[in-house]
Structures are given as C-alpha cells and as structure tokens.
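Subject: Structure handover

Hi,

Here is the structure I promised to pass on. Please open it alongside this note; my findings follow below.

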Amino acid sequence: KPDSSHYTSGTASLPLYIHAERAVGKHLGIAVSLGYDVFYYNYSFAEQGNSGTFYRSKTDRVWVISPGAQLYYHFNKWIPVRNLDVFAGAGFVANYVKHSNYPSSDTSSNVIKPTIDPCIKVGARYYVNRHASFFLDAGYDKLSWVSLGFTYRFFGKILANK
C-alpha cells in the first residue's frame, strides 16, 4: 500500500466455492474447484490543497475468482467410522483479483493481480444419506481459512467403511 493512502474499513463477505472430485483410486481423488468472492475496501488519499493536507475518501470494489486443481487423500482405511469421510488435500489455485479503484501513488485505477498459490486443506464430510453430506474443512487457499457447507454425490459409493 502506498504511503499516500491508507485503508480505513471494509466489508466482510463469505466466498462461494464449487468443487468437483473424481476418485482415481481406493483412497485418492482428483478435484477441480472454483472460488468466487466480492468485497469492498474504503480508503483515503492524502492530497495537498491551498489550505494544506486533506484526505479524499474512495471505495475499492475487489472481485476474486479462483480456479484450482487438487489431489485429495481419504483416510477411510484408518478412520473406519460409518458415513464419515476424513480427507487431506494439496494442489494449487490461480487467484485473479480485480480492483476497481486500486490506490497507486497519487492516483487509483482498475488493476488485475493474478497469482498462483498453493492450496492445502484438511477436513471431514459426514453423509446423512447415500448422496447428501455436510462438510467442514480448514487450510490455505488465499480466499478463506475455513469452509463449511453441503455436498451432493451424483454418482458412486460412499467410501467410508469400505
């Protein structure tokens, strides 16, 4: 962040994830994911006028889209609890962060900042029936630290206790 501006507040948001995983072995799965988030930062610029320094307020709309690919290992062999799927995964995400009003020196502009970042997750999924489950995972993907949600299995068997 440049010295002439500082962030003062922002909005909180909950990112949305879409995730598809395909089994490639008894305990391995390969997945593709897509994350999306929009939030706002409020900041001010220090500017000089006839009466001295004053601050001009601006709002930066930040839009994030985050496609990725991961490899997951399912611990069903070591944790044989019916309907429970404990997993760990690693891979990468390509984060595209677009700023509508990004501060730069004494101006602001539209900026897209692409990065490729590691993705490391551990979590558990509990199946309430053959197809529906709730999950909780935690880890790093540069979009959120914790995810809580609902999953639906379109094809295949539950791997827990198999």
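Which residues make the nonpolar surface patch of about 700 Å²? They are Y126, V128, F134, F150, Y152 and F154. Patches here are made of residues with over 30% relative accessible area and no salt bridge; like charges are joined within 9 Å, and nonpolar side chains (Val, Leu, Ile, Met, Phe, Trp, Tyr) within 5 Å. A salt bridge is a side-chain nitrogen of Lys or Arg within 4 Å of a carboxyl oxygen of Asp or Glu.

Before the rest, some ground rules. This is a predicted model: local features need pLDDT of at least 70, side-chain atom pairs count only at pLDDT 80 or more, and totals for chains, interfaces and linings use all residues. Residues are numbered from 1 along each chain as its sequence is written, and side-chain values use heavy atoms, with hydrogens and water left out.

Overall fold
The protein chain has 0 helices and 8 strands. Helices (H or I, at least four residues) and strands (E, at least two) are DSSP runs, numbered from the N terminus. Along the sequence the pattern is β-β-β-β-β-β-β-β. The accessible surface is about 10,200 Å² (Shrake-Rupley, 1.4 Å probe; for residues, only the protein chains shown count as cover). Carbon and sulfur atoms hold 62% of that surface. Of the 162 residues, 32% are buried. Buried means under 20% relative accessible area, exposed over 50%, partly exposed in between (1.4 Å probe, protein chains only). Take contacts (heavy atoms within 4.5 Å) with a separation of 6 or more: 54% of them join residues 24 or more positions apart.

Core
The largest nonpolar core has 5 residues: F39, V62, V64, V97 and L143. Such a core is a set of buried Ala, Val, Leu, Ile, Met, Phe, Trp, Tyr and Cys residues joined through side-chain atoms within 4.5 Å. Leaving out neighbours within four places in sequence, V64 contacts G35, Y36, D37, F39, N95, Y96, V97 and L143.

Single residues
- Y126, from the patch, sits in strand β6 (residues 107-127). Y126 is partly exposed, at 41% relative accessible area.
- H99 is in strand β5 (residues 84-104). H99 counts as buried because its relative accessibility is 8%. H99 and F39 are 60 residues apart in sequence, yet 10.0 Å apart C-alpha to C-alpha.
- D137 lies in strand β7 (residues 132-140). D137 is buried too, at 10%. Beyond residues up to four places away in sequence, D137 touches F87, K121, V122, G123, W145, V146 and S147.

Best wishes
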